[in-house]
Amino acid sequence: MEIIASTSLRNKYNEISKKCKETDEPIFLTKNGEGDLVLMSIEAFEKKERFLKLKEELLLAEYQRLNGVKTYSLDEVEEELGM
C-alpha cells in the first residue's frame with residue numbers, strides 16, 4: 001500500500017499514474033496529514049467493480065438457495081439444453 005501527500009499528485013502526476021497502471025494497486029492520498037482520496041487506474045477500478053458484481057450475484061444465488069428457490073443439477077441443465 002502506498003500513501004502519498006495530495007501535493008505529490010500535482011507535482012508527480014505522470015509517475016503516480018504509471019505506478020497505478022503497473023501495479024494495479026490503489027494509491028492513498030492524504031491532505032493535511034489525513035486520509036483524503038484513493039487513486040487507481042481505470043482498469044483496476046473496472047476489475048474491482050466486476051468482482052463486486054459477481055460477489056453480489058453469488059450472494060443472491062446463495063440467499064435464494066437457502067430460502068428454497070429451486071436449483072438444478074449440472075445433469076438437469078445439460079439435459080434441458082440437449083447436450
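Q: In which strand does Thr30 lie?
A: The model is a predicted one. Strand β2 covers residues 27-31. Thr30 lies in strand β2.

Q: Does Thr30 count as buried or exposed, and why?
A: A residue is called buried when its relative accessible area is under 20%. The relative accessibility of Thr30 is 18%, so Thr30 counts as buried.

Q: Which residues does Thr30 touch, not counting residues up to four places away in sequence?
A: Contact here means heavy atoms within 4.5 Å. With residues up to four places away in sequence not counted, Thr30 touches Ile3, Ile4, Ala5, Ser6, Gly35 and Asp36.

Q: Which residues make up the largest nonpolar core?
A: In soluble globular proteins, nonpolar side chains tend to be buried together. In this protein the largest nonpolar core has five residues in all. They are Ile4, Ile16, Cys20, Ile27 and Leu29.

Q: Which elements give two or more residues to this core?
A: The core includes Ile16 and Cys20, as well as Ile27 and Leu29. The elements that give two or more residues are α2 (13-23) and β2 (27-31).

Q: Which residues does Ile16 touch, not counting residues up to four places away in sequence?
A: Ile16 is one of the core residues, and Ile4 and Ile27 are also among them. Both Ile4 and Ile27 are touched by Ile16.

Q: In what order do the elements of the protein run from the N terminus on?
A: The protein has four helices and three strands. From the N terminus on, the order of these elements is β-α-α-β-β-α-α.

Q: Is the protein a compact globule or more spread out, and why?
A: For 83 residues the globule rule gives 12 Å. The radius of gyration is 21 Å, well over that value, so the protein is more spread out than a compact globule.

Q: What percentage of the 83 residues count as buried?
A: The C-alpha trace spans about 60 × 30 × 15 Å along its principal axes. The accessible surface comes to about 7,400 Å². Of the 83 residues, the part that counts as buried is 13%.

Q: How many residues of helix α4 are buried?
A: Helix α4 takes in residues 74-81 and is followed by Gly82, whose phi is positive. This helix is hardly covered. Among its eight residues, the count of buried ones is zero.

Definitions and conventions
Residues numbered from 1 in each chain as written. Predicted model: local features only at pLDDT ≥ 70, side-chain atom pairs only at ≥ 80, totals over all residues. Heavy atoms only, no water. Core = buried A, V, L, I, M, F, W, Y, C linked by side-chain atoms within 4.5 Å. Buried < 20%, exposed > 50% of the residue type's maximum accessible area, 1.4 Å probe, protein only. Rg over C-alpha atoms; globule rule 2.2 N^0.38 Å. Areas by Shrake-Rupley, 256 points an atom, 1.4 Å probe, with all protein chains shown as cover.
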